[in-house]
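Student: I should like to learn how to read the features of this structure one at a time. Please give the general idea first and then the case at hand.

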Amino acid sequence: MNGDSTMNNEVLDPHLTTKIVSSYVRHHMVGADQVSDLITSVHRALGQLGQPVEPREVLTPAVSVRRSVHHDYVVCLDCGYRGKTLRRHITTRHGLSRDDYLKRWKLKSDHPLTAPSYTEQRSMLAKELGLGRKPSMRGATPSAAGAAVSANADSKSRAKPTRRPSTRSASKSADGADGAASPSARKRPPRSR
Ligand SMILES: [Zn+2]
């Protein structure tokens, strides 16, 4: 029991440790070599009481806010993910709405979650295709709900199992070969006896 400087020894009442340890020893079989470990762990547990488990939760962004927006991509401050847009990423990966994300990182409400080049590309495309009527396509004020819905739709379609026509024919032929060969070979008793 050499003094551990990280423990809060002044505040901790050693009698408390003694009390707990002795009552434990009374009810449990404890080898002599285990007693010191027991005392240590009880002492430490008591010393940690009342202390916050995580001293402080300071959010450290993966990159600085200034460096999170580039012409061609944006960077997720949570994990450093790079993409043309973070809208789907923050919902699916971090469960954050746009507002949550902005609040979390104390970002301005006009902080772009989509790379400027991508936004330009999208709006150009929209104009070319004559989709200018849909205001939600513009990306200026996307609602969090809209983002979530599109994310859901996306993950659903991705989750769909892909069809594999080759395995069907393969397993069929394997079954056929098995069914034909093995039972008949086993059932038939040898005639020569
Ligand atoms: Zn992320």
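Student: How many residues has helix 2, and how far does it reach from its first C-alpha to its last?

Tutor: Helices (H or I, at least four residues) and strands (E, at least two) are DSSP runs, numbered from the N terminus. The expected span of a helix is 1.5 Å times one less than its number of residues. Helix 2 (residues 32-48) has 17 residues and reaches 25 Å, close to the 24 Å expected. Just after helix 2 comes glycine 50, with a positive phi of about 80°. Helix 1 (residues 14-27) can be read likewise: its 14 residues should span 20 Å, and its end C-alpha atoms are 20 Å apart, which agrees.

Student: On what conventions does this reading rest, and what is the mean pLDDT of the protein chain?

Tutor: The model is predicted: local features need pLDDT of at least 70, side-chain atom pairs count only at pLDDT 80 or more, and totals for chains, interfaces and linings use all residues. Numbering starts from 1 along each chain as its sequence is written. pLDDT is the predictor's confidence in each residue, from 0 to 100. The protein chain has a mean of 74, with 59% of its residues at 70 or more. Confidence is highest in strand 1 (residues 74-75), at a mean of 97, and lowest in helix 7 (residues 165-187), at 49.

Student: What pattern does the protein chain follow along the sequence?

Tutor: Seven helices and two strands are present in the protein chain, in the pattern α-α-β-β-α-α-α-α-α. Of the contacts between residues at least 6 apart in sequence, 50% join residues at least 24 apart.

Student: Is threonine 17 buried or exposed?

Tutor: A residue is buried if 20 or more other C-beta atoms lie within 10 Å of its own, exposed if 12 or fewer, and partly exposed in between. Threonine 17 has 20 C-beta neighbours inside 10 Å and therefore counts as buried. Threonine 17 lies in helix 1, a helix that is hardly covered, with one buried residue among its 14. Beyond four places in sequence, threonine 17 is in contact with Ile39, Val42, His43 and Leu46. Threonine 17 and arginine 44 are 27 residues apart in sequence, and their C-alpha atoms are 9.3 Å apart. Over the protein chain, buried residues make up 9% of the 193 residues.

Student: Which residues form the largest nonpolar core?

Tutor: In soluble globular proteins, nonpolar side chains tend to be buried together. A nonpolar core is a set of buried Ala, Val, Leu, Ile, Met, Phe, Trp, Tyr and Cys residues joined through C-beta atoms within 7 Å. Here the largest has ten residues: Val74, Val75, Cys76, Leu77, Leu86, Ile90, Leu96, Tyr101, Leu113 and Ala115. Leaving aside neighbours within four places in sequence, leucine 86 is in contact with Val74, Cys76 and Leu113. In helix 3 (residues 87-94), the buried residues are Arg87, His89, Ile90 and Thr91.

Student: What does alanine 62 touch, not counting residues up to four places away in sequence?

Tutor: Alanine 62 is found in the loop between helix 2 and strand 1, and touches Val75, Cys76, Leu77, Asp78, Cys79 and Gly80. Alanine 62 counts as partly exposed because it has 14 C-beta neighbours inside 10 Å.

Student: Where is lysine 106 found, and what is its phi?

Tutor: Most residues other than glycine have a negative phi. Lysine 106, although not a glycine, has a positive phi of about 55°. Its place is the loop between helix 4 (98-104) and helix 5 (116-129). Lysine 106 has 9 C-beta neighbours inside 10 Å, so it counts as exposed. A glycine with positive phi, near 65°, is glycine 95, which follows helix 3.

Technical notes
Two residues are in contact if their C-beta atoms, placed from the backbone, lie within 7 Å.
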